[in-house]
2 protein chains.
Amino acid sequence: MSRRITVQKFGGSSVANTDRINNVAERIISYLKKGEEIVVVVSAMGDTTDELIELAKKINPHPLEREIDMLISTGEQISSALLAMALHKRGYEAISFTGLQVGIITDGSHTRAKIIKINTRRIREELKKGKIVIVAGFQGVNRKKDITTLGRGGSDLTAIALAYALDAKICEIYTDVNGIYTADPRIVPEAKKLKSITYDEILEMASLGAQVMQARSIEVAKKFNVPIHVRSSFSNEEGTMIVSKTKRLEEAVITGVTLSKNEAKITIRDVPDRPGIAAKIFGKISDEGINVDMIVQNVSKIGTTDLSFTIANSDLSKAIKLAREVSKDINAGEVSADEDIARVSVVGVGMRTYPGIAAGVFKALAEKKINIEMISTSDISISCIVKKNLGEEAVRIIHKKFKLHKINS
Amino acid sequence: MSRRITVQKFGGSSVANTDRINNVAERIISYLKKGEEIVVVVSAMGDTTDELIELAKKINPHPLEREIDMLISTGEQISSALLAMALHKRGYEAISFTGLQVGIITDGSHTRAKIIKINTRRIREELKKGKIVIVAGFQGVNRKKDITTLGRGGSDLTAIALAYALDAKICEIYTDVNGIYTADPRIVPEAKKLKSITYDEILEMASLGAQVMQARSIEVAKKFNVPIHVRSSFSNEEGTMIVSKTKRLEEAVITGVTLSKNEAKITIRDVPDRPGIAAKIFGKISDEGINVDMIVQNVSKIGTTDLSFTIANSDLSKAIKLAREVSKDINAGEVSADEDIARVSVVGVGMRTYPGIAAGVFKALAEKKINIEMISTSDISISCIVKKNLGEEAVRIIHKKFKLHKINS
C-alpha cells in the first residue's frame, strides 16, 4: 500500500483566475485513480505576489522581511481555499491548509527560508478520510510560528519536500509547457519532447537558460531522489520525467540545446600574468553579489593576458565599474564590454562517456561560418559564446547535427 | 504598572488604502505615551472581505464555511502586515500577527465562531520588547488549528476580547464617526455628541438601528466590563465612552433618539383568541430564522383579535407567505403587509426611575398630528411605529421635546 500518494503542483498561471481554478479542479478529478491519494500544492493566483509586494513598497520601500512573508503568504492561502471550493462544487471532498497548519517547519530566514522538516500527521489523517489535501505552496513557519516564505520557485520546493516526506510515488509539476524539449520549439520547430531527463541534465539546462524549474528545487529532488513529472496543466499529454537515471539502454549523447541571450561579456586587457590576480578580480566582483559565469584567459603579450568573463546583463554597469577599479589597482589595461553575445549550450549525461562531442559542435558551427568567441565545458555540457544574432541559428545547426529530432528519450 | 495597555481597533474604512494605512500609523504614533503599550487590531482593507466572498461564489455558490474562513481571513492578515510596515517606515518597532499566531482560540463554528480563550504570552513578550503589536481582527483558530472567523463586527470582538485578556485600561474603537450622538446629525443638525453612554443604552440603540457597533461585541464588553472609547480615525476629537455606569450625578432621562426605516409590518386579521395561537404563529416564523421585533394585538370582534408584528424588510416576502399558511391553518382572516413604516425609539437608562416619559413622547407626537401605529417599550426604551415619511420629523420633535441638544452627558 505504500507509494500510492501523488503530489501535484499547479503554478500561478494555472490558477490565475476562477476559470483556470475550475480547470485545475477538473484536471485533478480526471487523474484520480482508485486507491490513490492526492496532495495538491498551489501557487498564488497569477501576479498576486508581485501585486502585494508593490502595495507594500508604496507604504515602505524597505519593508521588514518578516512582514513581507506575512503579507505575500496570503496569496497561496487564497488560491488553496478557492481550489478546495471548486472541488467541493464537483462533489469531491477536499481540505486546504496553510504551510503553518500543515507543519512545514523552516529556518528563520524570511523570504528565502529553508525547509527543516514537515509534520505529515494532519495530511495523512485527511488523506485517510478520503480527502484531497490542498497545501498553500511557497510558505512555512519558523519555530516561533512566524510565517516564512521559501523564495522564487518556492511552491515547487513545497511540492518536492512534501513528496519526499509523504514517500509519494511521484511529484507532478503542472506548468504552462508540455514538458522539456531538446530545444526551444520556437527556435527549432522540429524539437522533440523528452520522455525523461536526469536531474543533472536539467540542472545544467536550468542554469543555462531553460526556465522550467528553479535549480534549487531540482537539487532537493536530486538529493532525496524524488521523481518529478513536468507536464502541462492545459493538456492531457504526458510530459517529461526528471529522474536520477534514464531508462535508456544507450544514453542519448546530447539531450538538449539551450540558448541564453541575457549575458554580457567583459574583457580586461593586458592583465599582469602573476599568481593571485584572478582571485583579486573575481573576489571583488563576487563580493558585490555578482555571479560570474564563463571565464576565458588568452595570452596577448608576453607576461600579460587578456581576461574575458560573462555575467548577467542586469549586472553589467556595476561589473564594468568594478572591473575598471580592479584594472587600475593591478596595472592592467583597457576594460571593454560586449552585450552583443548569446550563449549556446549542449547538455547530455552521455557526453561523460562519449568523446568528441566538443569537436563535433565546433565543426558544425565552423561549417556555417559561425565564430565562437568563448568556450566552457563541464562533464555533461559544452557552452559557446557567439554573436547574438547568430544564437538561434547556432541552436538549429547543433540540433540538426546531432539529430535531436530523432532522439528516443 | 498594571492597566497600561491600550487596545486600538481600526475598521475597514480606516485602512481602505495605503494612504489611510499611513494615516492610521501616524495616528497610533501620535497617541503613544511614555510607558504605555499599544495593541492594534485591524480589519480588512475596505471591501476586501466582500470581494473575496464574491470570488468564492463565482467558483462555488455554496462554499464550505471552513474554506470561506481560510479565504477571508487573509484580508486582515494583509492589512496587519501593511500597518506594521507603515510603522517601521516611521521608525517604530511593530510586529503583526494572525489570530492563530496570537493564540485566539475559538470554538469550531466557522464564519461565526465564539472566542474561548486567548493566550497572551506572545503579545506580552513583544510588548515587553517595546513593540507595537498588531493583530489581525475577525479571526481565530479552533483546537485543530483550522482558521475560524467571528462573523460581522468580528474585529470589534477581537479588540474587546484582547482588552479583557490583557487587562487593558481601554479599548478604543476607531471608526468613521466622531462618537455616539443623541440622534443622527443628518436628521437632527443640533444633535449632541454624548461624552458617555452605558452598555445597556448602546445595546438598545444598536438593536434599534444606530449602527455604531454590533450588539454582540457590546454584550461581551458589558459582560467583562471592558471600557470602550468610540472615536473617529479621521479627527483628534474625543469620542464617546461606553461604560457600565455613567458618571453623571443625575442620569439624563433620555440619551438618544433613533430611527429605523428597515422594517415592515404584517397584520393577520380575525385571529381566534385562544391559548397557544401566538406560539403557533411566531414559532413557525422563528423556525424559518426570521426575527420578529414588535408584536401588537388588538381586539377586533368578540372572540378574535387582529395581530400585527414587525420584521426586517428583507424578510417580508418570506414572512407573508408563512403568515398566510398559518392564517389558513388556524382559521384566521386576511393577511396584509405595510412597508410604509418607520420606527422611532427613545433610549435612556434614566427612564427606569423617571415615570411619564412614554406619555411625554406620545403627547409630543400627537401635538404635531403624527399618528402612532404601534408601540413597544422596555425598561430603558420606548419605540413607536409611524408612517415612513414622518419618521425624521418624529425624531426631531422628540429630540426637541426632551431638550437633547442641551444634554450634559
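In this predicted model, 28 residues of chain A are in contact with 28 residues of chain B (contact: C-beta atoms, placed from the backbone, within 7 Å). Helices are DSSP runs of H or I, at least four residues, numbered from the N terminus.

Helix 3 of chain A gives the most, with 14 residues. That side of chain A divides into 15 nonpolar, nine polar and four charged residues. Here Ala, Val, Leu, Ile, Met, Phe, Trp, Tyr, Cys and Pro count as nonpolar, Asp, Glu, Lys and Arg as charged, and the others, Gly among them, as polar.

In chain B, helix 2 (residues 48–59) packs against helix 3 (residues 65–89) at an angle of about 145°. Their axes are 8 Å apart. Axes are lines fitted to C-alpha atoms over the stretch in contact, and angles run from 0 to 180 degrees between N-to-C directions. Helix 2 of chain B contributes B:Thr48, B:Thr49, B:Leu52, B:Ile53 and B:Ala56. Helix 3 of chain B brings B:Ile68, B:Leu71, B:Ile72 and B:Gly75. The residues of this contact divide into six nonpolar, three polar and no charged.

A:Leu83 touches A:Val15, A:Ile21, A:Val24, A:Ala25, A:Val40, A:Val42, A:Ser96 and A:Ile134, not counting residues up to four places away in sequence.

Residues are numbered from 1 along each chain as its sequence is written, and chains are lettered from A and ligands numbered from 1 in the order in which they are written. Local features need pLDDT of at least 70, side-chain atom pairs count only at pLDDT 80 or more, and totals for chains, interfaces and linings use all residues.

Technical notes. Two residues are in contact if their C-beta atoms, placed from the backbone, lie within 7 Å. Helices (H or I, at least four residues) and strands (E, at least two) are DSSP runs, numbered from the N terminus.
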